[in-house]
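I opened a new notebook page for this structure. These are my entries, in the order I looked things up.

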Amino acid sequence: CIFGCLGMGRFALGMLLPAMAPSLHLTYSQMGLISTSNFIGYLLAVLLCGFVLKKISSRLLITLALIVVAFSMILISTAQSFLTVLIFYFLTGIGSGMSNVPMMALVASWFGRKLRGRAAGFIVIGSGFVIIVSGKIIPLLNSVLAESGWRVSWLTLGVMVLVIALI
């Protein structure tokens, strides 16, 4: 879950923006706003997560939120403008928050006090693994596919998050 929602949904952006900027004619301000839109979506999701969890189970919310992350990332791969990326990456932030919060809360119910810290640590490792994985995949795709490398990267990462959601 963390591998998908935070790792791919947030931490891979830094590797993707440099290739996206020339293709979409993004300024530094616009690139910053794209990242900010994700954080605003995440904040909104965190604020609303408790209310949503009263209506549906944690597992269902995590799955649905990861599907939002996956499809918003897949849609970013088709973006033709700054505004499109901004909107879809905002949705990625919402999905990330709606999946991360209940996942971390499940640690408290799944593990006793003695193992809770270790379990939370293993969960958080997921985002670090993405930095390693995306550090290999994204430069490779960018070098092989040139201008369309960032699009294939978003698509690839989105499909990977979708697989995680289905699992």
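**Entry 1: a cut-off, then Ser 153.** I call a residue buried when its relative accessible area is under 20%, and exposed when that area is over 50%. The model I am reading is a predicted one. I found Ser 153 in helix α7, which covers residues 149–166. Then I asked which residues Ser 153 touches, not counting those up to four places away in sequence. The list is Leu 16, Ile 138, Leu 141 and Asn 142.

**Entry 2: the nonpolar cores.** I turned to the largest nonpolar core, which has 39 residues. Which of its members touch the most others? They are Leu 16, Met 20, Leu 26, Ile 34 and Trp 154. Next I checked where the core residues come from. Helices α1 (2–11), α2 (13–24), α3 (28–53), α4 (58–76), α5 (82–110), α6 (113–145) and α7 each supply at least two. The largest share is from α5, with 8 residues.

**Entry 3: Trp 154 and its ring partner.** I listed the contacts of Trp 154, leaving aside neighbours within four places in sequence. They are Leu 13, Leu 16, Met 20, Met 73, Ile 74, Ile 76, Ser 77 and Tyr 89. I then searched the whole structure for aromatic pairs and got 1. Its rings belong to Tyr 89 and Trp 154, with centres 5.7 Å apart and planes at 75°. Planes over 60 degrees apart count as edge-to-face. The angle here is 75°, so I logged the pair as edge-to-face. Tyr 89 is in helix α5 and Trp 154 in helix α7, 65 residues apart, so the pair links distant parts of the chain. Both Tyr 89 and Trp 154 are buried.

**Entry 4: helix α3.** I took the span of α3 from its first C-alpha to its last. The helix has 26 residues and reaches 37 Å, close to the 38 Å expected at 1.5 Å a residue. I did find a kink of about 40° in α3, centred on Leu 47. Which residues of α3 are buried? I wrote down Met 31, Ile 34, Ser 37, Asn 38, Gly 41, Tyr 42, Ala 45 and Cys 49. What covers the buried residues of α3 includes α1, α2, α4 and α5.

**Entry 5: Tyr 42.** I stayed in α3 for Tyr 42. Its relative accessible area is 18%, so Tyr 42 is buried. Not counting residues up to four places away in sequence, Tyr 42 touches Leu 6, Arg 10, Gly 93, Ile 94, Ser 96, Gly 97 and Asn 100. I looked again at Arg 10. It lies over the face of Tyr 42, at 4.6 Å from the ring centre. I also checked Val 101: it is 59 residues from Tyr 42 in sequence and 10.0 Å away in space, C-alpha to C-alpha.

**Entry 6: two positive phi values.** Most residues other than glycine have a negative phi. I noted His 25, with a positive phi near 55°. His 25 lies in the loop between α2 and α3. Its relative accessible area is 67%, so His 25 is exposed. I noted Ala 146 too, with a positive phi near 50°. Ala 146 is placed in the loop between α6 and α7. Is Ala 146 buried or exposed? Its relative accessible area is 51%, so Ala 146 is exposed.

How values were computed
Residues numbered from 1 in each chain as written. Predicted model: local features only at pLDDT ≥ 70, side-chain atom pairs only at ≥ 80, totals over all residues. Heavy atoms only, no water. Helix = DSSP H or I, 4+ residues; strand = E, 2+ residues; numbered from the N terminus. Contact = heavy atoms within 4.5 Å. Core = buried A, V, L, I, M, F, W, Y, C linked by side-chain atoms within 4.5 Å. Buried < 20%, exposed > 50% of the residue type's maximum accessible area, 1.4 Å probe, protein only. Expected span 1.5 Å × (residues − 1). Bend = angle between axes of the 7 residues up to and from the residue. Phe/Tyr/Trp six-rings, centres within 6.5 Å; stacked < 30°, edge-to-face > 60°. Lys NZ or Arg CZ within 6 Å of the ring centre and 35° of its normal.
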